[in-house]
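Morning, everyone. Let me put the model on screen, and then we'll walk through its strands.

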Amino acid sequence: MTKKIDNSNSSLDEETISDLKEEKEIERIEIPAKIPVLPLRDTVIYPFMVSPLFVARPKSIKLINDVLRGNRILGLVAQTDGEVEEPKPEQMYKVGTVATVLKMLKFPDGTIRILVQGLSRMEVVRWEQTEPYLDGNIRPIEDYFEKDLELEALAKNMTIQFQKIVTLVPHLPDELQIAVMNISHPGKLCDLIASNLNLSLPEKQWILEIFDVKKRLEKLTIYMNRELEVLQVGTKIQNEVQSELGKNQREYYLRQQMEAIKRELGEEDERTAEINELRAKIEQAKMTEQAHNTAMRELERLVKMPPGAAEYTVSRTYLDWLTDLPWSKSTKDNLNIKRAKSVLDKDHYDLEKVKDRILEYLAVRKLKSDMKGPILCFTGPPGVGKTSLGRSIARALGREFVRISLGGIRDEAEIRGHRRTYIGALPGRIIQGIRQTGSNNPVFMLDEIDKLGMDFRGDPSSALLEVLDPEQNHTFSDHYLEVTFDLSKVLFIGTANLLDPVPPALRDRMEVLELPGYTEEEKLQIARKYIIPKQLDAHGLKAKQLSFDEKSILQMIQEHTREAGLRNLERMIANVCRRVARGIVERKFETRKITPKDLSEYLGPPKYIYEMAERLDEPGVATGLAWTPSGGDILFVEATKMKGKKGLILTGQLGDVMKESARAALSYIQAKADSLGIDPDFFENHEIHIHVPAGSIPKDGPSAGITMATALLSLFQDVTVRSDIAMTGEITLRGKVLAIGGLKEKVLAARRAGIFHIIAPLRNKRDLEDIPENAKKDVTFHFADTLDKVFELALNKKPAKMKPEIARIPEPIAEN
């Protein structure tokens, strides 16, 4: 290891000055063509500069010993990477300095310290050897310049600037100012200044590699001006800090004098008034015994602290949080069930399960006043009213409402708070929300609970386990407060689009209520009763100025939105309101009734065409049903066969589970080939390809199993699948049809596509209760527990005749 000694860069002793004066003697030293090269770490040695070096690498120590036994001349070249222990030629710069070893001092641990003086710049022409140390052929390089007025001006300006730097940097000796004034050679002046500036290794090497003295002076002038600006700004900041400290001390003494005068006059100072006010607030807060004792102990600490102390503000803020919390403040519940039902019905259409659960809670509260608050979780697609329902529940109960969004939270301290040892510490979101409402029994909504994150700072979902556990949350402890707070009276409501990302332990603590997507009839009623009046009011319109034909609303739902919720529908209605408001203001008309033919004028062409779309009626195509986070959808499964060796191709961005379903379907049909009328040798001579269109959308899940099996059998038997039927169900290798989820969403998707016959697993028959009556009335359900039953229901009996099949399919326009 070869390093430059730190203090050598900033000092110039008498020996150094003497050496600089003896330049002629140095120049007489004859430089060999081949010399050993000592790698330098993080430093550059310039010609005629005397510098100490610390040598510790075994190869470098051997090099120094050999040099001392010879002519004492060696090359000093910087490494490109200072972390490399034994650099190779390609890890060294090409330009360095020829130097002579003046002195050497050995240390007991085997390392040595040498004093070297640069002789001349050099360029390594060719590396001759790497063992036992680096050795190479070199070419000495002399400075070249022409004396002119510009060169003289550059040198003089550099001398003046460097003298300013010396006065601003404490560790640079004043002798340097004299030294630079006595150097007449501009190249040597430049090297001396560069060796004493705070430059990076690439910058120092750059100066070394510039052989034209004028260009070297210009480059170094830029570095010097930068360094001087930094030093001047630093000096200015330091002076301002010193001035501010003096001002603070003066203010402190004056305030002490003011307090002494007030004590003499018998007046109460501000500090005493503040302490008395805090003591009164602690008594009025009606805290728990633990919190009261903690607050009084902290107040005693505050009394003994000077107001200027750093801890004073921390302690005062802590007491403010303790006294502002609603330890004993709560709102009185509205236990009138009829009124609560009226409020819920006024705010939201349908959602009977959720409304019934809230009314049941009120009924029990009326019978048992100290009942703990329930922990609910509303789950459903975006836009079905989960968040607004929480606000409506608070209004029905007569409670305060607070909502926090958990989406993207990754720090456990966001829930439990930071400990007071951290600067800027605050309680967690739970305690902040309780303080915000001023009540210890609000309706507390934890929005987007399925979007919690987790990283090295902790797991927020684990911190919520205590919050959402009725057996624990009466003694909830926040890291900042360090005292327990009772959350058992709070009605917590979580919301999630999907339950899968919610950890099982957290899910187990919540009562899950599903809010599925709405049917077209439900959307129509919600639009008429809630959305249109709300948007008319928001846009300053009256009911007589703008009205909507019922058919226009239905067409808006079908052709301009495709969602389980209502956000896009509300956005479309708002668009119409804005356009009508502009027309009224511009006096184009006074009233407007929106009919289906007006929609293209206000909303543009339809985004989704719900029409009879033709596709070929041929074997190997079956219609399936899928669940998506935004509701249900239909999908087609296509199968085809090709002559070739045995194989199965699966395309359409299918997930692993869906691929397994396809293989299971094919295996079942192969196993029963004889009974199904298929030649067993058929599979040996054909390759099967299954494709699910909309290839840019990832698909997964087991519920397409019976659809794939039906498409395959349709292909093999050369018969078509009924065009008026869609199906969903998981299959086993034994041909059993297993239950699936999301039946309601899938049924609604089938109705939207104009399909009114649905094959579903027999075990899902119980789920019909969750499907609205208006959705069930025109749909025929066929339940099957085996694949044979599915084939019997789905396949036409006659061979295909290649005629077009009509299916009502929603397709987006101009989508890539």
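Start with strand S10, residues 443-447, and strand S13, residues 491-496: four bridges join them, and they run parallel. Methionine 445 stands opposite isoleucine 493 in S13. Strands and helices here are DSSP runs, numbered from the N terminus: helices are H or I with at least four residues, strands are E with at least two. Two strands pair if DSSP finds at least two bridges between them.

A word on the source. This is a predicted model: local features need pLDDT of at least 70, side-chain atom pairs count only at pLDDT 80 or more, and totals for chains, interfaces and linings use all residues. Residues are numbered from 1 along each chain as its sequence is written, and side-chain values use heavy atoms, without hydrogens and water.

Now the whole sheet. Which strands form it, and in what order? Five strands, S9-S10-S13-S8-S14, in an open sheet with parallel pairing. S9 (401-405) and S14 (511-514) are the edge strands, each pairing on one side only. The twist averages 20 degrees from one strand to the next.

Next, the helix on it. H14, residues 386-397, lies across S8 (375-379), S9, S10 and S13, at about 175 degrees to S10. Contact means heavy atoms within 4.5 Å. Axes are lines fitted to C-alpha atoms, for helices over the stretch in contact; angles run from 0 to 180 degrees between N-to-C directions.

Last, S7, residues 135-141. Five of its seven residues are buried, meaning under 20% relative accessible area with a 1.4 Å probe, protein chains only. Seven bridges join S6 (residues 112-129) to S7, antiparallel.

Methods. Buried < 20%, exposed > 50% of the residue type's maximum accessible area, 1.4 Å probe, protein only.
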